[in-house]
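Here is a briefing for a reader new to this structure. Look through the model first, then read the points by topic.

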Amino acid sequence: MNRDKELDLLAASLKRTLDKERPLDGEETLVPTTDYTDAARFERERERVFRRELNVVTLSSALAEPGDFITAEVVGAPVLVSRGDDGQLRAFLNVCRHRGATVEPRASGRCKRFVCPYHAWTYNNDGSLHKVRHKDGFPTLQPQDHGLVELRCVEAAGLVFVCPTPGLEPEPLPAALVGELEQMLGPRPTAYARTARDWAANWKIIVEGGIESYHFSVAHEQTIAPFFTDTLSTWEAIGSHTRTVLPKRSIASLAERPKDEWRIREHTHVVYTIHPNALILTQKTHFDLILMTPVAVDRTRIEVLTVGNAPESGEVSERARAFLQQNHGFSLLTLDEDFEIGEQIQRGLATPANTHFRFARFEDALSAWRARLEAALE
Ligand code: FES
Ligand SMILES: [Fe+2]
């Protein structure tokens with residue numbers, strides 16, 4: 001983010017902290033609990049939101065060199081992302097155009113060509129069909145029409161986004177968001193630790209925990225709550241995305257210090273909710289990237305990556321690597337507090353205890369997020 005924005009956000013957070021002024025500009029909102037249990041609605045969310053939008057799948061640094069590839073499942077679709085010999089990143093359905101086998105079964109690697117493990121049709125790393133074994137058996141085949149099916153792939157701010165439905169032109173990323181993330185995430189964001197597992201909770205419960213700060217001082221009492229203020233976050237929508245600023249208690253010290261010493265990453269956590277599938281939790285020297293895949297109405301796969309900036313040349317020091325790995329452990333401790341409560345909420349949803357959940361006036365970021373989701377589902 002630019003310096004003016006940084007100072008504005010810090011001034012707003014400082015004022016709110018000194019005044020202990022909980023924001024009450026929003027309306028209290030009720031949401032039906034069936035939104036978290038209705039399988040038909042869940043399918044609509046996958047179809048109309050996740051499959052039509054750009055989903056974050058990895059970091060650019062995972063595919064730094066020509067020939068690098070990764071495979072991933074993006075909202076149920078097998079996807080292959082490959083950097084061609086021309087340096088261009090492209091994404092494809094990882095499905096052979098002969099009889100549909102998975103073309104590249106490995107999770108990642110580097111190669112010039114992909115060879116299908118069923119009958120060895122071969123594709124170049126730009127997706128075009130290179131060679132068909134015993135081609136004389138397919139007299140009507142037009143090789144130029146049988147490259148891998150391409151998907152919209154965008155590389156921005158060191159992140160790789162893919163829309164898993166071919167032929168769609170998803171909503172572009174707002175330039176303001178990309179510019180801000182470029183500054184916040186640094187020039188070479190690189191994952192130094194990663195953990196993935198499934199949680200038995202609806203994906204919206206996970207996102208909602210990342211948007212409000214009402215739970216912070218209670219649910220995270222044993223971990224990071226002592227460093228933070230209570231329910232004094234500020235937020236702003238950037239297109240379909242949300243930036244939330246959580247002030248630390250230390251922000252109060254800025255009242256005594258000149259503005260040229262004000263640094264947002266020292267005195268707040270800036271959290272980005274990247275619609276539809278990612279959360280970015282920035283910390284002082286690094287960030288956590290949380291990727292979500294909605295697997296079932298009551299199941300979400302969550303991958304947590306702890307990301308530092310790689311040096312311009314050579315490897316990161318052993319000390320820096322150990323620091324990031326240790327911080328990965330701290331992040332998991334805190335996030336597990338959220339996700340375990342998420343599983344409790346999902347279990348409670350199987351009872352008749354609540355017909356609605358309630359978002360407070362000071363949780364208007366949640367209400368606004370939910371309103372945007374409902375609009376997308378219409
Ligand atoms: S299915 Fe790929 S070569 Fe036959
Ligand atoms: Fe939390």
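Predicted model: local features only at pLDDT ≥ 70, side-chain atom pairs only at ≥ 80, totals over all residues.

**Largest pocket**

- Several other elements supply at least two residues each, including helix H4 (203-211), helix H5 (216-219) and strand E16 (268-274). Strand E17 (278-282), strand E18 (287-296) and strand E20 (356-359) are also among them.
- The lining of the largest pocket has 24 nonpolar, 14 polar and nine charged residues.

**Helix H7**

- Helix H7 runs over residues 318-349, 32 residues in total.
- At 1.5 Å a residue, H7 should span 46 Å; its end C-alpha atoms are 46 Å apart, so the two values agree.
- H7 bends by about 25° at Asp336.

**Second largest pocket**

- The second largest pocket has a volume of about 470 Å³. Its lining holds 22 residues, with Val57, Ala72, Glu73, Leu291 and Glu303 the closest to its centre.
- Two or more lining residues come from each of strand E2 (55-59), strand E3 (68-74), strand E13 (189-199), E18 and strand E19 (299-309).
- E3 provides the largest share, five residues.
- Domain 1 (3-52 + 174-377) and domain 2 (58-162) each give at least three residues to this lining.
- By class, the lining of the second largest pocket divides into twelve nonpolar, six polar and four charged residues.

- The largest cavity has a volume of about 110 Å³. It is lined by 15 residues; Ile211, Ser213, Ser233, Phe362 and Glu363 lie nearest its centre.
- Strand E14 (234-238) and helix H8 (364-377) give two or more residues each to the lining of the largest cavity. H8 supplies the largest share, three residues.
- Seven nonpolar, five polar and three charged residues make up the lining of the largest cavity.
- The second largest cavity holds about 70 Å³ of space.
- Glu53, Leu54, Glu171, Pro172, Leu173, Ser240, His241 and His275 line the second largest cavity. By class, they are three nonpolar, three polar and two charged residues.

How values were computed. Residues numbered from 1 in each chain as written. Chains lettered and ligands numbered in written order. Heavy atoms only, no water. Helix = DSSP H or I, 4+ residues; strand = E, 2+ residues; numbered from the N terminus. Expected span 1.5 Å × (residues − 1). Bend = angle between axes of the 7 residues up to and from the residue. Nonpolar A, V, L, I, M, F, W, Y, C, P; charged D, E, K, R; others polar. 1 Å grid on protein atoms, 1.4 Å probe; cavity = no way out; pocket = protein on both sides within 12 Å on 5 of 7 lines; lining within 4 Å. Points joined across faces, edges and corners; volume = space filled by probe spheres on them. Domains from an automatic or database assignment.
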